[in-house]
Amino acid sequence: MAGAGRRVRDGTRWGDDDVRRDAAREGDDLRQTRSIVGVDLGGTKMAVGLVDGEGTICDLAVSPAVTTSTEACLAEIERRLDRAVADYGQIDAIGVGTASMVDFRGGRIVLSTNLPLRDVKLRDLLATRYGVPVAVDNDANVACLAEHRYGAGRGTSEMVMLTLGTGIGGGIITGGRLYRGASGAAGELGHMVIDFDGPRCQGACPNSGCLEVYASGRAMGRAALEAARARPDSGLGRALAAGEEVRGPLLSRLALAGDPVAVEVLDGIGQKLGVGIANIVNIFNPEIVVVGGGAAEAADILLGAARRVVAARALRPQRDEVRIEPAQHGNEAGLLGAAALAMVELFPEQSPAGERST
Ligand SMILES: [Zn+2]
């Protein structure tokens with residue numbers, strides 16, 4: 001299907017870099033020819049696309065998420081998939097990644113903060129309707145699979161992924177497999193405590209001093225605003241006075257431009273992140289820790305600070321062996337990961353040895 005080129009509909013497209021990358025892959029031989037439809041079901045948008053075995057998005061449609069009711073939300077998913085099936089002809093599987101709590105083994109969306117989906121057996125519902133195997137998982141796991149199969153972690157067997165968003169999503173690959181734990185809830189790396197007496201965590205977490213209190217995208221926004229108020233003479237302070245939105249993206253932009261206060265704030269957050277990563281390095285001895293989400297633009301500053309802390313705090317030999325790298329996929333990670341999930345779970349014989357979840 002890669003030969004058909006990629007179409008992007010509904011006025012939304014990923015960055016030009018992605019288009020260039022697709023063009024570069026046009027001539028590549030495909031290792032396999034499965035037609036996988038990936039669905040990225042987020043709290044604000046839904047992306048449905050055809051992804052080939054090399055992780056090339058051959059066709060993509062993006063639309064706002066429908067949040068008015070469960071029925072309307074499911075109807076929109078089916079409307080989009082109907083169209084995909086009509087457009088693509090024969091499809092082999094559907095993979096869904098969603099910003100929800102998911103019972104992977106049951107194929108069920110347990111609960112979603114931003115979508116009206118609660119106790120919905122999405123896997124069986126879609127499998128029955130479309131007559132193909134379906135896999136459903138949460139966004140943190142599929143982002144991890146996207147980077148492991150098609151991104152920064154390609155070729156590794158021990159990998160940990162952190163996604164800095166509203167919270168911090170985590171994913172663990174061990175022995176080439178996604179680690180899910182006894183009840184599928186493993187990988188909540190954002191809730192590792194890095195300060196016993198730290199501030200209360202957010203959402204449903206009863207803990208205090210969790211990593212995500214200090215290093216999530218939301219925490220970056222908070223730190224940027226505090227710095228802007230405390231230092232009105234800084235770039236952040238001037239932006240605040242000018243009525244600009246002082247959040248993570250501005251912090252990254254100013255830090256990259258060399259604003260010393262912004263660099264200091266981002267470096268401080270990177271150090272906190274480094275404490276968390278040092279724990280991960282000691283426990284899992286990964287080949288690579290991939291960091292995605294917020295501050296992707298200023299990854300050198302953020303991850304530079306994290307690497308310094310890991311070098312100082314983690315144990316040998318694991319600290320000398322680990323690479324700490326930015327994710328290679330941004331907006332498209334959910335869609336690619338959903339397709340990777342379907343490949344890994346439904347066609348394990350076409351995946352690298354053992355690349356199937358436990
Ligand atoms: Zn927590």
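At what angle do helix α8 (residues 248-256) and helix α9 (residues 260-284) pack, and how far apart are their axes? We will come back to this pair below, after a look at the whole chain.

## The chain as a whole

The structure you see is a predicted model. Its protein chain holds 12 helices and 13 strands. Of its 358 residues, 46% are buried.

Contacts also say something about how the chain folds back on itself. Take the contacts between residues at least 6 apart in sequence: 65% of these join residues at least 24 apart.

## Two helices that cross

Now for the opening question. Helices α8 and α9 pack at an angle of about 120 degrees, and their axes are 7 Å apart. The crossing of α8 past α9 is left-handed.

Which residues of α8 and α9 meet? From α8 come Leu-251, Ser-252, Leu-254 and Ala-255, while α9 supplies Ala-262, Val-263, Val-265 and Leu-266. Sorted by class, this contact has 7 nonpolar residues, 1 polar residue and no charged ones.

Look next at strand β12 (residues 288-293), which pairs with β13 in the parallel sense over 4 bridges. Within this pairing, Val-290 stands opposite Glu-325 in β13.

## Helix α10 and its cover

Helix α10 (residues 299-313) has 15 residues. From its first C-alpha to its last it reaches 20 Å, close to the 21 Å expected at 1.5 Å a residue.

Which residues of α10 are buried? They are Ile-301, Leu-302, Leu-303, Ala-305, Ala-306 and Val-310. Their cover includes the helices α8, α9 and α11 (318-321), together with the strands β12 and β13.

## An enclosed strand and helix

Strand β8 (residues 134-138) has 5 of its 5 residues buried, so the rest of the structure largely encloses it. Both of its faces are covered: Val-134, Val-136 and Asn-138 are buried on one side, and Ala-135 and Asp-137 on the other. Strand β5 (residues 93-98) pairs with β8 in the parallel sense over 5 bridges, and Gly-95 stands opposite Ala-135 in β8.

Helix α4 (residues 139-150) is also largely enclosed by the rest of the structure, because 12 of its 12 residues are buried. Among them are Asp-139, Glu-147 and Arg-149, as well as Val-142 and Leu-145. How far should α4 span at 1.5 Å a residue? Its 12 residues should span 16 Å, and the end C-alpha atoms are 16 Å apart, which agrees.

## One buried valine

Let us finish with a single residue. Val-48 is found in strand β3 (residues 45-51). Why does Val-48 count as buried? It has 25 C-beta neighbours inside 10 Å, and a residue needs 20 or more to be called buried.

Leaving aside residues up to four places away in sequence, Val-48 touches Val-37, Val-39, Ala-61, Arg-80, Leu-81 and Ala-84. Val-48 and Leu-60 are 12 residues apart in sequence, and in space they are 5.8 Å apart, C-alpha to C-alpha.

Conventions: Residues numbered from 1 in each chain as written. Predicted model: local features only at pLDDT ≥ 70, side-chain atom pairs only at ≥ 80, totals over all residues. Expected span 1.5 Å × (residues − 1). Pairing = 2+ DSSP bridges. Contact = placed C-beta atoms within 7 Å. Axes fitted to C-alpha atoms, helices over the stretch in contact; angles between N-to-C directions. Left-handed = near helix turned anticlockwise from the far one by under 90°. Nonpolar A, V, L, I, M, F, W, Y, C, P; charged D, E, K, R; others polar.
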